[in-house]
Amino acid sequence: MKKQKIQPAKFLTGGVALPGDKSISHRYAMLAALAEGTSELRHFSTAADCHSTLRCLSALGAEIKIEKDTVRIAGKGPRGLKESRRALDAGNSGTTMRLLSGILAGQEFTSKLTGDASLQKRPMKRVVGPLREMGADIRAREDNFAPLEIRGTRLRAIDYQMPVASAQVKSAVLLAGLFADGVTSVTEPARTRDHTELALEEFGAAVERNGRTVRVHPLAGTNGGGKLAARALDVPGDLSSAVFFIAAASLLPESNILIHNVGLNPTRTAILDVLAGMGASIHMVSLQSSHGEVVGDLAVKGASLKGGVIEGGQIPLVIDELPMLAALAPFTEEGIEIRDAAELRVKESDRIAALAENLRRMGAKVEERPDGLRVEGRKAGKLRGAEIDPRGDHRIAMAFAVAALAAEGATVIRDADCAAVSFPAFFDELNRLAER
């Protein structure tokens with residue numbers, strides 16, 4: 001396990017090129033495998049999670065060629081996937097496991113989905129439940145955890161009222177709806193990222209959207225008349241990865257960076273609103289539409305952040321960015337309080353516990369709660385360098401690397417390789433921008 005040493009920095013300067021968006025890359029790859037013809041996916045994510053999806057699709061018979069960050073997938077059509085001779089390994093990727101479950105539930109064969117030790121601790125019942133309502137035959141360890149055994153069968157359309165906002169659950173049901181006996185609808189209690197709906201439309205599926213309800217029609221060869229056609233698509237840069245550089249630049253007063261080609265889908269930009277509300281200097285430039293997604297550059301300068309409370313309906317919109325916000329808290333005027341975020345305890349790690357432990361190692365004052373935490377601001381004292389245990393969680397590792405830039409003394413991130421789950425070149429990029 002590699003350790004990464006982070007020295008304090010004076011400021012950040014320069015341009016940032018991000019990996020392709022993880023969420024979009026997963027969805028484009030899965031739909032390309034179900035489409036007719038060969039799709040070309042440019043600027044595909046370098047994240048290990050997305051390559052877990054590619055390996056699973058390859059094991060199911062999709063023909064995949066990877067050349068640098070371009071992925072070509074020869075689609076098999078809605079009924080062209082084949083039973084894998086071995087268990088499908090989702091690695092550390094909850095998105096791979098949950099979304100593929102929706103597709104595999106409607107196939108004509110049996111699949112087994114597994115993952116690493118961390119993924120096998122993450123709850124799957126939230127996906128298994130609605131898929132079973134559609135008639136899916138899914139068995140799970142303790143009825144909630146991977147490995148999952150999915151015996152493909154004919155699915156029935158449902159009108160699913162989601163009890164909790166979750167883009168992954170919504171996506172799994174919509175993907176299963178492609179193989180159902182009628183029109184499937186999903187109504188969410190709060191708006192979540194809509195990459196699945198946009199990707200379905202882009203590949204040619206019949207999708208209707210009305211407020212927080214999405215309806216999808218089945219494909220031809222299953223029970224409907226629609227089909228998916230191969231596409232040539234560009235994946236925008238990953239906003240969740242951009243957040244670490246926005247935070248780093250904001251921490252250091254003389255910073256001035258430009259983050260290129262960022263996906264700025266309105267269902268993802270709540271984090272920019274939160275940061276701007278705290279005083280961050282973020283400007284969107286060169287906005288354009290690409291395959292239904294909004295893309296642009298972000299100009300970020302150093303700023304004084306005041307902090308605040310994140311709670312309620314904000315939480316599902318910024319769930320991936322909460323570790324970075326918590327690690328920013330000791331540098332803000334008021335500190336940061338996160339409420340209603342018990343979901344953080346069942347991510348790649350127990351993120352609430354990991355944040356509290358590592359913030360305390362750096363000298364922060366933290367109150368840990370069942371559904372979040374309260375981190376005192378800069379009046380509580382300056383952070384000092386420490387040895388950080390990210391618990392194998394990429395977002396914890398990257399968040400504390402950013403906090404280390406403004407701490408006193410060097411910080412060591414244990415198991416720094418875990419950042420490759422979403423951003424293999426993260427530490428190289430951070431060090432390249434930092435002036436010391």
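Glu-40, Arg-42, Glu-67, Arg-72 and Asp-234 are joined in a network of salt bridges, a salt bridge being a side-chain nitrogen of Lys or Arg within 4 Å of a carboxyl oxygen of Asp or Glu. The model is predicted, so that local features need pLDDT of at least 70 and side-chain atom pairs count only at pLDDT 80 or more, while totals for chains, interfaces and linings use all residues. Residues are numbered from 1 along each chain as its sequence is written, and side-chain values use heavy atoms, with hydrogens and water left out.

Arg-72 belongs to strand β5 (residues 70–76) and Glu-40 to strand β3 (residues 36–42), so the pair ties together parts that are 32 residues apart in sequence; helices (H or I, at least four residues) and strands (E, at least two) are DSSP runs, numbered from the N terminus. Arg-72 is partly exposed, with a relative accessible area of 33%, and Glu-40, at 22%, is also partly exposed, where buried means under 20% relative accessible area, exposed over 50%, and partly exposed in between (1.4 Å probe, protein chains only). In total, the structure holds 41 salt bridges. Another of them is formed by Glu-333 and Arg-378, whose closest N and O atoms are 2.8 Å apart; this pair links distant parts of the chain, with Glu-333 in the loop between α10 (322–328) and β19 (336–338) and Arg-378 in the loop between β21 (372–375) and β22 (387–388), 45 residues apart. A salt bridge at 2.9 Å, N to O, also connects Glu-337 with Arg-339, and here Glu-337 is buried at 11% relative accessible area, whereas Arg-339 is partly exposed at 31%.

Aromatic contacts were assigned to rings of Phe, Tyr and Trp (its six-membered ring) with centres within 6.5 Å, planes under 30 degrees apart counting as stacked, over 60 as edge-to-face and the rest as tilted. The count comes to six aromatic pairs. The rings of Tyr-28 and Phe-203 have centres 6.2 Å apart and planes at 65°, so the pair is edge-to-face. Because Tyr-28 lies in helix α1 (residues 22–34) and Phe-203 in helix α6 (residues 195–203), the pair ties together parts that are 175 residues apart in sequence; both Tyr-28 and Phe-203 are buried. The pair of Phe-244 and Phe-426 is likewise edge-to-face, with centres 5.9 Å apart and planes at 70°, and it links helix α7 (residues 239–251) to helix α13 (residues 426–433) across 182 residues. Ring pairs join Phe-244, Phe-245, Phe-423, Phe-426 and Phe-427 into a cluster.

Phe-245 and Phe-426 are also among the residues with the most contacts inside the largest nonpolar core, which has 82 residues; such a core is a set of buried Ala, Val, Leu, Ile, Met, Phe, Trp, Tyr and Cys residues joined through side-chain atoms within 4.5 Å. A second, separate core of 67 residues includes Leu-54, Ala-105, Leu-113 and Ile-150. In helix α5 (residues 167–177), eleven of the eleven residues are buried, so the helix is largely enclosed by the rest of the structure.

A search of the whole structure finds zero disulfides, defined as pairs of cysteine sulfur atoms within 2.5 Å. The sulfur of Cys-56 is 12 Å from the closest cysteine sulfur, in Cys-50, too far for a bond, and Cys-56 is buried at 1% relative accessibility.
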